[in-house]
Amino acid sequence: YGLNNWFSKLLYDVHSIPKHFSILISVVVSLLTAVAGTIAISFYSKSKKNTLVTVIGYIFLTILGVVIAFTYQMNVIYVSISCLLFICLSTAFKALYNTVITYDVKEIIEPGKYSLLFNAMASISAGCSPTVISLIFENFGWGLSFISLSIVSLILVFVLMIGKVLQTNMI
């Protein structure tokens, strides 16, 4: 959520893109994230490999976040494509994590309870993320903001792996 909210600010701060483009950027980002989530859900696999795909995706996001952290000042087109890719992929994997994996873990936890927990955590994240990212980039720069996003992606990898181990041991 944080990068979605601060993407136009990054372009303004680093590459002097005028602020009046922020509405257009917000619309484009919103449309792309809706498409990314829809595409991700359409790849739902009944073979129960959704957790593995999501883990691999979050590992890729971790790496991409670190790369962006060290290269975001290069070129406005590069940073735009990189950030949009990060936003779309994180939305796609979030959709898999929330919607699809809900059915994969039904042997461990009721889908309604899982969805409730996930949505509660997502709401907390949506509320805190813009403020936290703002504090990070204002005090430490944009690079550390991307590193922090990578750390969150890596934490999700560990959570998914622990959940999969628990699921395997309980079945």
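## Cys-88 in helix H4

Cys-88 sits in helix H4, which spans residues 76–104; helices are DSSP runs of H or I with at least four residues, numbered from the N terminus. The model is predicted: local features need pLDDT of at least 70, side-chain atom pairs count only at pLDDT 80 or more, and totals for chains, interfaces and linings use all residues. Residues are numbered from 1 along each chain as its sequence is written, and side-chain values use heavy atoms, with hydrogens and water left out.

Cys-88 counts as buried because its relative accessibility is 16%; buried means under 20% relative accessible area, exposed over 50%, and partly exposed in between, with a 1.4 Å probe and protein chains only. Apart from neighbours within four places in sequence, Cys-88 contacts Leu-32 and Ala-36, a contact being heavy atoms within 4.5 Å.

## Nonpolar core

The largest nonpolar core contains 35 residues. Such a core is a set of buried Ala, Val, Leu, Ile, Met, Phe, Trp, Tyr and Cys residues joined through side-chain atoms within 4.5 Å. Phe-7, Leu-10, Ile-68, Tyr-72, Cys-83, Trp-142 and Phe-146 have the most contacts inside this core. Two or more residues come from each of helix H1 (2–15), helix H2 (22–42), helix H3 (50–71), H4, H5 and H6. The most, 10 residues, come from H4.

## Helix H5 and its end

Helix H5 covers residues 111–140 and bends by about 35 degrees at Cys-128, with Pro-130 following within four residues. The bend is the angle between axes fitted to the seven residues ending at a residue and the seven starting there. The buried residues of H5 include Tyr-114, Phe-118, Pro-130, Ile-133, Ile-136 and Phe-137. After H5 comes Gly-141, with a positive phi near 100 degrees.

Ser-145 belongs to helix H6, residues 142–170. With a relative accessibility of 2%, Ser-145 counts as buried. Ser-145 touches Ile-133, Ile-136 and Phe-137, when residues up to four places away in sequence are not counted.

Phe-158 also lies in helix H6, and counts as partly exposed because its relative accessibility is 45%. Leu-154, Phe-158, Met-161, Ile-162 and Leu-166 make a nonpolar surface patch of about 470 Å². Patch residues have over 30% relative accessible area and no salt bridge, and nonpolar side chains (Val, Leu, Ile, Met, Phe, Trp, Tyr) are joined within 5 Å.

Key. Patches are made of residues with over 30% relative accessible area and no salt bridge: like charges are joined within 9 Å, nonpolar side chains (Val, Leu, Ile, Met, Phe, Trp, Tyr) within 5 Å. Accessible areas come from the Shrake-Rupley method with a 1.4 Å probe; for residues, only the protein chains shown count as cover. A salt bridge is a side-chain nitrogen of Lys or Arg within 4 Å of a carboxyl oxygen of Asp or Glu.
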